[in-house]
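Hi,

Here is the structure I promised to pass on.

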Amino acid sequence: YTTPPILLISLKRFKSGKGSYFKDKLEDTVHFPLDDLNVSDLVLSNKDEKGNNKEEIIYELYAVSNHYGNMGFGHYTAYARNPLDNQWYDFDDSSVTPLSDPTSVISGAAYNLFYRRKDFAFSEDIDFEAIRQSIEFEDFKTEIAHYQEPKVEEAKDA
């Protein structure tokens with residue numbers, strides 16, 4: 001088993017209230033690393049015969065999606081790190097602004113964390129078609145094979 005090049009961590013942000021149909025928003029701040037998320041000890045196939053790690057498996061955060069509001073109404077924003085200059089940006093609808101403090105991505109609104117394994121580099125040479133064809137999940141393949149674009153019928157003149 002190898003770890004994925006991209007690791008997505010979803011934080012539980014809603015809980016059901018007792019005897020209630022509605023869900024309450026959890027806004028506790030979860031502290032997570034921006035760099036050096038080391039999962040080496042968590043991967044069983046990364047152990048040698050003596051129980052030592054074969055390699056260091058380290059991820060760096062490159063994006064965070066945020067949710068503001070509640071279950072019935074909310075607003076999503078995102079933070080993302082530019083891989084060319086390592087600058088963090090705040091994406092909010094049509095507004096994109098640089099962040100002066102990268103640690104501001106750690107907040108009670110953080111919902112999804114996107115990590116990239118440090119030994120993985122994005123490249124223009126990535127063959128996404130080959131990746132799509134190599135997917136091993138038969139159910140997923142079946143779903144893709146049976147998916148058809150919805151047909152849009154033209155309105156008939158009455």
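**Aromatic pairs and what surrounds them**

Y76 counts as partly exposed, because its relative accessibility is 48%; by the cut-offs used here, buried is under 20% relative accessible area, exposed is over 50% and partly exposed is in between, with a 1.4 Å probe and protein chains only. Before going on, note that this is a predicted model, where local features need pLDDT of at least 70, side-chain atom pairs count only at pLDDT 80 or more, and totals for chains, interfaces and linings use all residues. Residues are numbered from 1 along each chain as its sequence is written, and side-chain values use heavy atoms, with hydrogens and water left out.

Now the rings. The structure holds two aromatic pairs (rings of Phe, Tyr and Trp, the last by its six-membered ring, with centres within 6.5 Å; planes under 30 degrees apart are stacked, over 60 edge-to-face, the rest tilted). One of them is Y62 with F114: the ring centres are 6.3 Å apart and the planes sit at 55°, so this pair is tilted. Y62 belongs to strand β5 (residues 58–69) and F114 to strand β9, so the pair links parts of the chain 52 residues apart. Y62 is partly exposed at 23% relative accessible area, and F114 is partly exposed too, at 25%.

Y76 and Y111 also form a tilted pair, with 6.3 Å centre to centre and 35° between the planes. Y76 is in strand β6 (residues 74–81) and Y111 in strand β9, so this pair ties together parts 35 residues apart in sequence. Helices and strands here are DSSP runs numbered from the N terminus (H or I, at least four residues, for helices; E, at least two, for strands).

Strands count as paired if DSSP finds at least two bridges between them. β5 has these partners:

- β4 (residues 37–38) is joined to β5 by two bridges and runs antiparallel to it; L37 stands opposite Y59.
- β6 pairs with β5 in the antiparallel sense over seven bridges, and N66 has T77 in β6 as its bridge partner.
- β9 is joined to β5 by seven bridges, again antiparallel; L61 faces Y115 in β9 as its opposite number.

**The core**

The largest nonpolar core has 17 residues, and those with the most contacts inside it are F32, L61, V64, V105, L113 and Y115. A core here is a set of buried Ala, Val, Leu, Ile, Met, Phe, Trp, Tyr and Cys residues joined through side-chain atoms within 4.5 Å. The elements that give two or more residues to this core are β5 and β9. Leaving aside neighbours within four places in sequence, L61 is in contact (heavy atoms within 4.5 Å) with F32, P33, L34, R81, W88, V105, L113, F114 and Y115.

Where does N112 sit, and what does its side chain meet? N112 is found in strand β9 (residues 110–117) and counts as buried, because its relative accessibility is 16%. Its side chain makes a polar contact with the side chain of S10 at 2.5 Å. A polar contact is a pair of N or O atoms within 3.5 Å; within protein, one must be able to donate a hydrogen and the other to accept it, and residues adjacent in sequence count only if both atoms are side-chain atoms. Not counting residues up to four places away in sequence, N112 touches L8, I9, S10, A63, V64 and S65.

S65, in strand β5, is buried as well, with a relative accessible area of 15%. With the same exclusion of residues up to four places away, S65 touches T77, A78, A109, A110, Y111, N112 and F114.

**A loop residue**

N70 is in the loop between β5 and β6 and is partly exposed at 41% relative accessibility. N70 and K25 are 45 residues apart in sequence, yet 5.7 Å apart in space, C-alpha to C-alpha.

**The whole chain**

The protein has two helices and nine strands, and from the N terminus on the order is β-β-β-β-β-β-β-β-β-α-α. Buried residues make up 25% of its 158 residues. Among contacts with a separation of 6 or more, 53% are between residues 24 or more positions apart.

Cheers
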